[in-house]
Amino acid sequence: MRTAVLRSLRSAAARSAPSSSHLLRRGFSSESVPERKVVVLGAAGGIGQPLALLMKINPLVSKLSLYDIAGTPGVAADVGHINSRSEVAGYVGEDQLGQALEGADLVIIPAGVPRKPGMTRDDLFNINAGIVKSLCTAIAKYCPSAIVNMISNPVNSTVPIAAEVFKKAGIYDEKKLFGVTTLDVVRAKTFYAGKANLPVAGVDVPVVGGHAGITILPLFSQASPQANLPEDVIKALTKRTQDGGTEVVEAKAGKGSATLSMAYAGAVFADACLEGLNGVPDVVQCSFVQSSVTELPFFASKVVLGKNGVEKVLDLGPLSDYEKEGLEKLKPELKASIEKGIKFANDN
Ligand SMILES: NC(=O)c1ccc[n+]([C@@H]2O[C@H](COP(=O)([O-])OP(=O)(O)OC[C@H]3O[C@@H](n4cnc5c(N)ncnc54)[C@H](O)[C@@H]3O)[C@@H](O)[C@H]2O)c1
Ligand SMILES: O=C(O)C[C@H](O)C(=O)O
């Protein structure tokens, strides 16, 4: 079961990242894979719990630290019974945050409130900006060299908030801060494979820009294999990818947003970060990072992951006219969201 789940997790990530069994296939036993402490902040939540499960069954993790403001002892006791490599510890409340973070290699942040129908991701800003700011202040203090995977929305603003907090603390390393946009890639692959009638495991679709509405720009012209779908189908696929989060929010009808697909996407991205840290070559994922690919200071594009986090931010590559138009349209909204995050971090 464990192997089957991991195998499918790996094969889904396989086109853009070598499999997480890479080290094992090269002849290392799981015991000789480096020790890695992974922390989940918001671990008792809708994303946090399945993400804790997926990180528990990842053989690249040796210590799994689960933190939330409530409920983590139960989650930790539960996943801790799974007979996989990592030791699990649950921490609850601010008094235990330092202990939860100390020695972390990778911190994943799905803490904060999710959307309800009718809300935009930006409507979450007022609550989540403060949560992210306080958690990043603690990261700067207790594990300043950890890689950070930001899931909390609005990602287009929470990543700039984190960068400003880290700058103020004097520990900012742009190579180590990632906005998790993997769910957009996961959706684009699923929807494209469905329309093109292709086996989804062999499909890749880069998604660039940001993580909200029109700032999510799937590049179907660069999808592989290339199915040469007509323009109207490409437009419908683009819209569905951009509205994927809203589709789930509406289907859940007030009970939150994507949790299971997000936990999967978060686990794929965290796995890629760990592979990069461990020196696996050519690990590539799309992520929202500090960037000079456009004139905007943060932008999602393909990124090569290495021992220090971002090894290289890759250019966008050739775009279709429709994608070029989408790129220009998204810039003002993404710019405003980035600036809102920077302002919040500096004013509060
Ligand atoms: N990046 C993405 O693609 C993506 C996808 C889905 C959801 N999200 C976002 O992820 C966030 C979490 O979603 P969810 O469905 O898990 O919500 P949830 O309400 O089910 O869980 C959030 C958890 O965060 C915890 N929390 C609140 N304040 C905290 C703090 N100061 N420290 C630690 N934990 C704290 C809560 O106690 C709760 O357990 C939301 O902001 C949502 O919009 C992002
Ligand atoms: O849509 C949301 O609010 C959650 C998340 O950003 C998603 O894309 O599913």
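Colleague: Quick one on residues 181-344. How far apart are the end C-alpha atoms, and how much of the span is helix and strand?
Modeller: In this predicted model, the end C-alpha atoms of 181-344 are 22 Å apart. The span is 48% helix and 17% strand.

Colleague: What does UniProt call that stretch, 181-344?
Modeller: The UniProt record has it as "domain: Lactate/malate dehydrogenase C-terminal". The entry is unreviewed.

Colleague: And which feature does UniProt place at 37-179?
Modeller: That record gives "domain: Lactate/malate dehydrogenase N-terminal", again from an unreviewed entry.

Colleague: How is the protein chain divided into domains here?
Modeller: Domain 1 runs over 37-180, and domain 2 over 182-337.

Colleague: What separates the centres of the two, in Å?
Modeller: Taken over C-alpha atoms, the centres of domain 1 and domain 2 are 21 Å apart. Domain 1 puts 36 residues into the contact, and domain 2 puts in 42.

Colleague: What area is buried between them?
Modeller: About 3,200 Å². Carbon and sulfur atoms give 67% of that.

Colleague: How many salt bridges across the interface?
Modeller: The rule finds 0 between domain 1 and domain 2.

Colleague: How many residue pairs in polar contact, then?
Modeller: There are 11 across the interface, with both residues of each pair at pLDDT 80 or more.

Colleague: Which elements of domain 1 supply at least two residues to the side touching domain 2?
Modeller: Two of the strands are S4 (106-109) and S5 (147-150). Strand S6 (177-179) does too, along with helix H3 (48-56) and helix H7 (155-168).

Colleague: Which one gives the most?
Modeller: H7, with 6 residues.

Colleague: And how does that side split by class?
Modeller: The side of domain 1 that touches domain 2 has 22 nonpolar residues. Polar and charged residues number 7 each.

Colleague: Switching to backbone geometry. What kind of peptide bond joins Asn 153 and Pro 154?
Modeller: A cis one, with omega about -5°. Pro 154 is in the loop between S5 and H7.

Colleague: Last one. What is the phi of Asn 197?
Modeller: Positive, about 60°, although Asn 197 is not a glycine.

Colleague: Where does Asn 197 sit?
Modeller: In the loop between helix H8 (182-196) and strand S7 (207-209).

Technical notes. Residues numbered from 1 in each chain as written. Chains lettered and ligands numbered in written order. Predicted model: local features only at pLDDT ≥ 70, side-chain atom pairs only at ≥ 80, totals over all residues. Heavy atoms only, no water. Domains from an automatic or database assignment. Contact = heavy atoms within 4.5 Å. Buried area = accessible area lost by both parts, 1.4 Å probe. Salt bridge = Lys/Arg side-chain N within 4 Å of Asp/Glu carboxyl O. Polar contact = N/O pair within 3.5 Å; in protein donor to acceptor, adjacent residues only side chain to side chain. Helix = DSSP H or I, 4+ residues; strand = E, 2+ residues; numbered from the N terminus. Nonpolar A, V, L, I, M, F, W, Y, C, P; charged D, E, K, R; others polar. UniProt positions renumbered as here; feature names shortened; annotations may be inferred.
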